[in-house]
Amino acid sequence: MAQARNRSRRGADLVVLGGRGARDRLIAGAVWLVGAGPGDPDLLTIKALKVLRTADVVVHDGLVSDEILALAPETARRISVAKRKSRHSYSQDEIKRMLTAFALVGLTVVRLKGGDPFIFGRGGEELEACREAGVACHVVPGVTAALAAAAGAGAPLTHRWSAQAVTFVTGHAASRKDGGDGEPDLDWESLARPNQTVVIYMGLSMAAPIAAHLMAAGRAGSVPALIVENASRADEQRVVSTLAGLAEAAATLSGPALLIVGEAMALAQAGEAADIATFAQGARV
């Protein structure tokens, strides 16, 4: 009898968390790693929207916009695991335990990530954690920030005559703890080769050493460079510069930004994205 009361009490807890009915709770839950795109709700994929609408729990990054979060069911529990430089609401280990714990009690968990889960989104770590816990894990790709930044500026990441390759790198060194702030240990000679585009994620504060390393490895200081802050959002800012002027240009911005270096950035247009945002707002249905 006592065991029956305990089972009933656990069932009540699931309802509080946003769980389904007693019959459906016998079915194992799952984790969905969903790319929310760069910020503009119109760049959310149809599949991402469908999955988000089934969520019992939404564990989301700080960069996911309120407009996208509003697309989840009203009954879904929303948990922010925002990570800012040197300030994290939850450690990565805590996030992994959270995802698997919710799924193991039968809930549909949407891990909503800015951009794409597998491009500097630590989606691989969370996928491994789910597999180790015996939890089903599915991945929905998203539009990564580099694609949105380049498209908004009118500068292709690859271009027949000036960019035969594109490389995505991180602007911070990996660390055993969350959020390493050291200089990245990269193959600078490879990145310094001409006629390629190098995209640096999370590199705003490291713009000076990154530019110095690239030029020391042989990349010309005159190579065009583009910095995009808040790509695809209404407050997007773009600064066109050169590799030699990258550090000075980066000092004018403070928000989440991408550094893009390469000959094809000669096609980039500087300024604000307000005209694009206004058009998108008017076109939404």
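The side chains of Asp61 and Arg111 meet in a salt bridge, 2.9 Å from N to O. A salt bridge here is a side-chain nitrogen of Lys or Arg within 4 Å of a carboxyl oxygen of Asp or Glu. The pair links distant parts of the chain. Asp61 sits in the loop between β2 and α3 (66–69), Arg111 sits in strand β6, and 50 residues separate them.

This is a predicted model: local features need pLDDT of at least 70, side-chain atom pairs count only at pLDDT 80 or more, and totals for chains, interfaces and linings use all residues. Residues are numbered from 1 along each chain as its sequence is written, and side-chain values use heavy atoms, with hydrogens and water left out.

Helices (H or I, at least four residues) and strands (E, at least two) are DSSP runs, numbered from the N terminus. Asp61 is buried, and so is Arg111. Buried means under 20% relative accessible area, exposed means over 50%, and partly exposed lies in between (1.4 Å probe, protein chains only).

Now follow β6 to Lys113. Lys113 forms a salt bridge with Glu126, with the closest N and O atoms 3.0 Å apart. Lys113 lies in strand β6 and Glu126 in helix α5, so the pair ties together parts that are 13 residues apart in sequence. Both residues, Lys113 and Glu126, are buried. Asp61, Arg111, Lys113 and Glu126 are linked in a network of salt bridges. Side chains of opposite charge can pair when their charged atoms come close.

How many salt bridges does the structure hold? It holds seven. One of them joins Asp93 and Lys96, whose closest N and O atoms are 3.5 Å apart. These two residues are about one helical turn apart, because they are three residues apart in helix α4. Asp93 is partly exposed, with a relative accessible area of 45%.

Next comes the sheet around β6. Five strands form an open sheet in the order β3-β2-β6-β1-β7, and the pairing is parallel. Two strands pair if DSSP finds at least two bridges between them. The edge strands are β3 (77–80) and β7 (136–140), and each pairs on one side only. From one strand to the next, the twist averages 20 degrees. Strand β2 (residues 57–60) runs parallel to β3, joined by four bridges. Look at His60: Ser80 in β3 stands opposite.

Helices cover this sheet too. Helix α4 (residues 92–104) packs on the sheet and touches β1 (30–35), β2, β3 and β6 (108–113). Contact means heavy atoms within 4.5 Å. The direction of α4 makes about 150 degrees with that of β6. Axes are lines fitted to C-alpha atoms, for helices over the stretch in contact, and angles run from 0 to 180 degrees between N-to-C directions. Helix α5 (residues 123–133) lies across β1, β6 and β7, at about 170 degrees to β1.

Finally, turn to strand β12 (residues 257–261). Is β12 enclosed or exposed? Five of its five residues are buried, so β12 is largely enclosed by the rest of the structure. Ala257, Leu259 and Val261 point one way, while Leu258 and Ile260 point the other way. In a regular strand the side chains alternate between the two faces of the sheet.

Two strands pair with β12 in the antiparallel sense. Strand β10 (residues 224–229) is joined to β12 by five bridges, and Ile227 has Leu259 as its partner.
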